Amino acid sequence: MCHTFPALTSDRSSRICSLLYKHGSSMASNSSGSDSSDRQRIAQQRLSVIAGHLQRPVEGNSGILAAECKAQGDKLDVSSERRTVPRRRQEIMKWNGWGYSDSKFLYNKKGQAEFTGKRYRLSGMIIPGLREWMESTFGANLQHKTPAAPILNSSAVQPPTLNEAFLKELKSTGIPFSHDAEDRVFRSHGHCLHEIFALREGKIGRVPDLVVWPNCHNDVVKIVELACKHNVCLMPYGGGTSVSSALECPPEETRSIVSLDTSQMNRILWIDEKNLTAHVEAGIVGQDLERLLNESGYCTGHEPDSMEFSSLGGWVATRASGMKKNIYGNIEDLVVHIKMVTPQGVIEKSCQGPRMSTGPDVHHFIMGSEGTLGVVTEVTMKIRPMPEYQKYGSVVFPNFEMGVACLREVARQRCAPASIRLMDNEQFKFGHALKPQVSSIFTSFLDGLKKFYITKFKGFDPNRLCVATLLFEGDREKVLQHEKQVYDIAAKFGGLAAGEDNGQRGYMLTFVIAYLRDLGMDYYVIGESFETSVPWDRVLDICRNVKARIVRECKDKGVQFPPLSTCRVTQTYDAGACVYFYFAFNYRGLSDPVHVYEQVEHAAREEILANGGSLSHHHGVGKLRKEWMRETISSVGMGMLKSVKDYVDPNNIFGNRNLL
Amino acid sequence: MLKKRDDFEDILEERRNSSDLRYALKCYTPVLYKGLTPCKVSELKQMVLQSDQLGYVITQVSKEKGMTTDEVTGEAAAILEEMAQRLQLSTVRFFAFTLSKVFKTLFRSICVNEEGLQRLQQAIHNHPVVLLPSHRSYMDFLLMSYILYTYDLALPVIAAGMDFMGMKVVGEMLRMSGAFFIRRSFGGDKLYWAVFSEYVKIMLKNGYAPVEFFLEGTRSRTAKSLTPKLGLLNIVMDPFLKGEVFDISLVPVSISYERTLEEALYARELLGVPKPKESTSGLFKARKILSEDYGSIHVYFGQPVSVRSLAESRVNRSQFNLIPRHIPTRPSEEILSFVNDSAYRLVRAQEENMVLKPWVLLAFVLLQKQAAEDKQGTALDELTEQAVWLRDLSRHYGAFLHWPDHIPPSEVVSSSLSLHRGLVRISEGRVQLALEQVGGQQVPGETRSAITPEEELLNQAVVILSCVSYRNQALNIFIRPALLASAIHTAASNRKQEIYNGFSFLRNMFSNEFILCPGATVQDFEEACYLLVKTGALQINQQEVLITERGHRTLAFLTSVLDPFLQGYQVVCRFLCEEDCLTEKQFIPAVRKFIIKHLLTGRLRYIEVLSSDLQKNALAALIRLGAVQKIKGGEEQGTLKLNKVMLNSLEDTLGKK
């Protein structure tokens, strides 16, 4: 079934990585043995983690289920109960912010920052440094609040435009659907700043008229047939984590818009241990997929930062990239077989050969099609045995230049760990501000000592130094060997090993940042991240120029406070790297902050393109970056894509108007 | 209309009141570029030699010439050695001391706009900076460094022509005060170009020091701005275009001398007359210069121009995405035209902030009188009246005129005349150019009959051209209205379109002579119309252009501004029509001879057409228009192929004016 389309967003979401969860801290990372009983132990630990996380008992052997369709008349499907995403998302998730309703940052009565809930490692903790960091970085002030509209006002939602004939036939299929206002609003947006900002202000634009929840591939076939027959517009919806305006309903669309929510297509249909593949329904979200595979001792290793909420179909539809791609590959490396339902019928390959020379790979029309051609319903993916050993690490460099040089050398020697990320100085400081309250005097003493050693003894300038975070994975011996190799390279570039803690916190920053944005928005601070990929020789230039461009544009547009403009290198490749920019500012004094924000982001993207960066590394194009597609892929390239669209979907049933 | 410009401060005043030694030894801690990684002169050289850019060219050259890369690298190192500056604070302090003494003797004041220096300081802190002073004198770059030292600003590295290297000691001294030396031409020498451009770029990118060079390429002998040279500007813009720096600030600097040290020297050079024979030594000459009063100097540091904003929506920087940036590529048409337009813009920015002295206006009046064969000279009060009239006109046109308004005009005039007493003669309350005196002074005691008419003419021409070099300082103010006035003057009707055509023809003809931005004919026409309408000289409606009652005087003046140039270009055309076979080398001496002949027979009115600058510009224009073709290569290398029909018709068209 579908194609969850907007799934991927790397940085915007929490990482599921066990370590971030409260009960997971002792998990796999320190297991030492390498025999199979150890592996079992790890699996069990993981299970307990997940149990704690979901606060619900987990049934064993749930990983492999029969492949029959659950849809027929079975509206209270039991197996989906176990999954993270219920049909009514509003039961567990925020309607106008990131993630789970129970998890958020707030300032408590003492004015200290605190993260609520029980789900994450940081949950229930006080973060003493955050307030000062927010005040000094943005000029934000606890006195100046901009609270969000507390509840969704259904009367603000336009009544649905329903296609009665379609609806009648849909009813007869028994596929669940809804035109409830809340259900529709939840599927009307991704997580772009302007989308969330509008929701917080209670402003609701065009939303889908109907939501359907197919339970299997065949349901999707029926829905698409009916949509073609009655000329309604279909918009696939997966995890809703899009940051490219991909889920926005085109305002010019006059047909009835049906949101096709794939979240209930979430089973692993089979696991093939001989070929190390798994056949999975495309609506499954990342955390469920990993959890279920883990129960059988496997993983995909695909961990985009949004994996708690983003779906497999969305990954395929946006060409997703995972944090650990150095070991496991990006989505295009992981996919063996795809089934997609289009208005012209179902497209799939006839075999599962690992590589084929059969003309251009039709998978590449599907990957990155962003919901414009059809709904991805089932995917066969590579799986790997769960790693025996995981180890975090970090390296401090005297400056960003040295850090980039080190990453380049690591890439040259092709010895990148599962993940290697380099944060600039501002992010390093940000990471520091997110340190939870230290429990023992000893730890704080140690911290002080480390700081003294690095800044005084080694002479690093605290305003220039930067840190790389590392994640190693594999069998223990190799990990240790690998670790030494990487640290040796780092030493050549002035890098000092800075411990596992810093590494862990670095990865945590990725997952909390999406929640943090909501906190910022409570206090006049708006921001977002965007990414690109760029050849090695331009990494430093693009980082400097884009950051400077953001600062200048903010100034020109009348932003009263200096913005946060920071970046990190998040992936290394043979020929280049992926760079992430974070940008936020205090908008007090601006009459139309979102417009200013959009102008600055637009300018920043222009700067990226002028400096040899790509339009997107993995967020996709959506509608937000459409205007640059032609110059990116040339007119002929546009024509090629256009002709595919014209053939596959001549009536524009998949009318979300992304990409082209 | 008059732009708000900064006020000036005299920096010599403090020098006259406090110790030069203490000044030379003062604590010097300039604000530096925020992204600077400090490095030594020797490290700079290493960075150049190890750069990917140079490495690529070295490999290429070694393959082409069959040499080892080590040998080529050696060559590159030698080029760099010859080129590199060795900026040293001690030398700068020495210059600071010496120049203080010299400046105080030569000049009444050196005025700078302190606000401009504050802007410059800010610019240096934020971005790599390129300083672009106008070039009228050898003094320019010493003066620049002197001012920057005085204000505790980062000292620049300066691109200087190789000619200085001839003077061993001086050359080395200049090197140690930041000059680096480049050969005047190195056409096809890839290696030289690579070393040179990389050296400049590395100093600029790293914020080592502001890079200073002269857009005009050489000193202007005529005081008119020269057509900008693009080579260096191309080099300094490249790091921005290729994304290696966020931005670069270009700072136009306008240096105006009330009296140029090289005044008569330039005139002689333009006339091809050898320097006057001096029996005394060079030292004596220097002392003579030291004893004279050269008035004041005004240095105006203009608004920094951001290369980024110049390039905004003009240059698509992603064109550099597909080739590794260290591989040298020929700039695209788009880039070339962008650099060219920027260069013109910068030269115009220099022109706009040039301070004009009352004497410049007097030069207009006196030269026009002289050309009108007014042997009587001009009565002082008439001169004053005309000068005041011109003062008001030029101010309306936006001139940066330093006319002391608190002093009665007659005093302003007489003090100007007295500063330039070598060029004027005042007797019985009447003023004229000192044409006869020059001959008399030069060979005292000898009878005038010993001088041939030709020599006498050239002696007069020295005075005229000296005077012209002052008048030229204000030409940029009048040039667009003057082109319009001439076009109106010759047009057969009042029709706007016809006048525009005439304007367009003249503008095209003279675009080697004046700074007229390529492709901006319409804007220039509109600017000229605007100025003349604003001052009430013209009325313009949809179809027609009408001269008002009070406009006649203005138009007559403006027409006469362009007259010498029209006559000069016309005579060059006439000359070429009468020639059969001519090489480029022979052109100047031959045309000069031709002009002298015609001047002596009284068929030419303007002695200034003897200026070789005008002749060269005319030839360049004729080549550009296709009336003359320069043969390249082969036996006839440098021969000029003449299109007589076209030359004839051009001469006719010019003659109508």
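**From a salt bridge to the domains**

Let me begin with A:R412 and A:E409, whose side chains meet in a salt bridge with an N to O distance of 3.0 Å, and let me say at once that this is a predicted model. Why are these two separated by about one helical turn? The reason is that A:R412 and A:E409 are three residues apart in helix α13 of chain A, which covers residues 400-412. Taken over all chains, the count comes to 74 salt bridges.

Moving up to the domains, the assignment for chain A gives domain 1, residues 268-385, and domain 2, residues 524-624. The C-alpha centres of these two domains of chain A lie 30 Å apart, and 11 residues of domain 1 of chain A are in contact with 10 residues of domain 2 of chain A.

Chain B is divided into domain 1, made of 8-23 + 41-259 + 294-353, then domain 2, made of 359-438 + 452-470, and domain 3, which is 472-655. For domain 1 and domain 2 of chain B, the C-alpha centres lie 36 Å apart, and here 12 residues of domain 1 are in contact with seven residues of domain 2.

Finally, the surface. Which residues of chain B gather in a patch of negative charge? They are B:D7, B:E9, B:E13, B:E14, B:E114 and B:E115, and the elements that give two or more residues to this negative patch are α1 (12-17) and α7 (114-126) of chain B. B:E13, for one, is found in helix α1 of chain B.

Note on methods:
Residues numbered from 1 in each chain as written. Chains lettered and ligands numbered in written order. Predicted model: local features only at pLDDT ≥ 70, side-chain atom pairs only at ≥ 80, totals over all residues. Heavy atoms only, no water. Patch = residues over 30% accessible without salt bridge, like charges linked within 9 Å, V, L, I, M, F, W, Y side chains within 5 Å. Areas by Shrake-Rupley, 256 points an atom, 1.4 Å probe, with all protein chains shown as cover. Salt bridge = Lys/Arg side-chain N within 4 Å of Asp/Glu carboxyl O. Lys, Arg positive; Asp, Glu negative; His and termini not counted. Charge placed at Lys NZ, Arg CZ, Asp CG, Glu CD. Helix = DSSP H or I, 4+ residues; strand = E, 2+ residues; numbered from the N terminus. Domains from an automatic or database assignment. Contact = heavy atoms within 4.5 Å.
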